[in-house]
Amino acid sequence: MSGWGGGYVTDIPYSVGWYRNQSPVRIALASIIGGAEAHIPNGDDPVMMLELGCGFGYTAMALAASNPTWTVFGVDFNPAHIAAARDWAVEAGLTNVTFIEADFSRWEDNPALRDLPGMDFVTMHGIWSWIPPAAKTGIVRLLGAKVRPGGLVHLSYNAMTGWIDMLPAANLIREAGNRAGGASDHRAAEGLRLVRDLIKAEAHNLHGRPAVTSRMEMFENASANYLAHEFMNDHWAPCFVNDVATALSEAKLEWVAASELTENFPELVMSEAQREIFHRYPDRMMQELVKDICTPRALRQDVFVRGATRIRPSERTALLMDVSLTLTKPAEDLPESLNVAAGKAELNKAFYGPIVRALATRPWRVGDLLALPNVVGKRDNPAELIAILTGADMVEPTLRPMTPPGPDAMRFNEVSARRMIRKGSPNGMLAIACRPTGMPLATPLLGLVLLYHYRNGITGVEGLIQAIEPDEDKLTEARTVIVAFLDRHLPAWKNAGAL
Ligand SMILES: C[S@@+](CC[C@H](N)C(=O)[O-])C[C@H]1O[C@@H](n2cnc3c(N)ncnc32)[C@H](O)[C@@H]1O
């Protein structure tokens with residue numbers, strides 16, 4: 001491992017991915033749902049946003065392309081990431097995103113970073129539990145200096161409670177990997193091979209443990225780059241939420257909410273008996289610790305605010321009633337239930353059915369949706385409506401309803417598709433940048449690629465099959481995906497204003 005990484009993987013680049021919880025709109029919504037004042041960006045607000053550890057900058061660029069009045073900064077210490085991100089932004093013609101090469105532990109040495117004004121939003125995904133102590137204290141200094149009063153911070157990290165069963169395996173992967181030598185991706189693969197062999201040999205502390213089995217299954221399909229960055233860092237350490245909150249309090253930041261919106265509703269996360277214990281504590285940190293003990297979540301995504309102003313429930317309701325939503329999937333995709341930590345949350349058809357059918361015609365204000373005459377159910381809980389429909393991936397909050405598609409967004413989608421066709425294998429989801437929503441629309445790589453060919457004049461099933469050249473044995477599957485794209489996803493994306 002090179003000296004300049006301070007123990008973080010630098011020989012293998014990370015992979016490209018879209019993380020919707022990093023969006024300022026989602027962060028502000030979470031804060032309001034958590035009962036703390038926040039300003040949800042409006043149509044042409046000049047939002048200032050900073051992403052720490054931006055990798056190839058895809059999330060930062062998708063947000064910048066969808067919101068031309070925002071000013072977005074991405075920071076990463078890996079020059080390979082920053083060079084590629086800058087190149088991508090130039091090719092896409094994005095002038096509202098800037099990428100800065102800097103190390104968190106010494107960020108004050110970088111004039112571009114030192115001179116940044118106060119930020120409305122700072123976000124970091126996949127950083128905190130993977131970096132050395134000096135980088136963490138650097139981040140806290142940066143947040144203390146650059147988050148404006150009232151500004152919001154989103155932070156994701158491996159949760160100690162959810163990782164506990166997997167800790168011995170993670171330690172073994174790193175140790176065995178380092179002994180194998182070679183590049184970090186090779187080391188991670190060798191370490192994982194050892195854990196698989198030990199599971200097969202029924203090693204007591206690995207075999208038959210559901211948390212280990214499910215994570216090992218997930219790693220089967222993960223990219224080699226992801227696995228290198230997940231396992232081969234010297235200082236990786238999952239954290240407890242109270243320890244993260246204590247560290248961030250140095251920057252005057254206070255925990256206010258989970259950025260995965262459904263996680264803010266105890267009834268969606270815990271059983272009745274667990275909720276009784278949760279409610280014994282008025283203090284939010286104790287409540288979060290109880291929640292963590294009760295759920296298997298391995299990644300926490302938290303929202304902090306610098307100077308929280310608590311809002312009354314009536315004010316919270318009023319703010320959320322004013323949010324506009326856009327349907328991003330066909331109305332018939334509304335699921336019967338949603339998988340949540342507490343099990344399955346049934347979606348009442350008499351309530352959600354009319355709401356989703358209305359949304360299929362145009363974007364709607366939440367308050368107007370809840371006033372629809374044919375809605376059967378509680379009309380006074382906009383927080384739950386927003387959390388459930390975004391949790392089901394059916395809607396996105398919408399900043400500029402009924403406005404035309406943005407040229408910046410469409411160009412970014414075209415350039416991103418071309419680049420991803422060349423590079424392949426993203427980490428998880430990508431996104432279609434979309435100006436009317438201001439919120440990029442999540443899609444797997446193939447959706448982005450099909451949109452690219454469609455916009456370049458290939459509009460029929462056979463033409464699209466030829467364009468994507470599937471393997472012979474994948475022809476039937478490819479045809480099904482293309483028909484779904486043409487009949488269902490494309491109309492939903494048009495409805496959202498992406499094209
Ligand atoms: C796991 S990746 C996550 C990238 C991106 N946020 C994402 O989720 O796709 C962590 C990123 O943090 C960067 N990083 C790690 N340590 C850093 C440091 N001390 N200073 C700046 N960047 C750092 C790495 O180069 C890498 O791009």
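Reader: Leaving aside neighbours within four places in sequence, which residues is Thr59 in contact with?
Author: Heads-up: this is a predicted model, where local features need pLDDT of at least 70 and side-chain atom pairs count only at pLDDT 80 or more, while totals for chains, interfaces and linings use all residues. Residues are numbered from 1 along each chain as its sequence is written, and side-chain values use heavy atoms, with hydrogens and water left out. Contact means heavy atoms within 4.5 Å. With those neighbours set aside, Thr59 touches Gly17, Trp18, Tyr19, Gln22 and Glu51.

Reader: Is Thr59 buried or exposed?
Author: Thr59 sits in helix 2 (residues 58-66); helices are DSSP runs of H or I with at least four residues, strands are runs of E with at least two, and both are numbered from the N terminus. Buried means under 20% relative accessible area, exposed over 50%, and partly exposed in between (1.4 Å probe, protein chains only). Thr59 has a relative accessible area of 3%, so call it buried.

Reader: Which side chain does the side chain of Tyr8 make a polar contact with?
Author: Tyr8 is found in the segment before helix 1 (24-33), and it's buried, at 14% relative accessible area. A polar contact is a pair of N or O atoms within 3.5 Å; within protein, one must be able to donate a hydrogen and the other to accept it, and residues adjacent in sequence count only if both atoms are side-chain atoms. At 2.8 Å, the partner of the Tyr8 side chain is that of His229.

Reader: Which are the edge strands in the open sheet of 7 strands?
Author: The strand order is 3-2-1-4-5-7-6, with mixed pairing; two strands pair if DSSP finds at least two bridges between them. Each edge strand pairs on one side only, and here they are strand 3 (97-101) and strand 6 (253-258).

Reader: How far apart are the C-alpha centres of domain 2 and domain 3?
Author: Domain bounds come from an automatic or database domain assignment. It gives domain 2 as 162-231 and domain 3 as 318-398, among others. Between their C-alpha centres, the distance is 39 Å.
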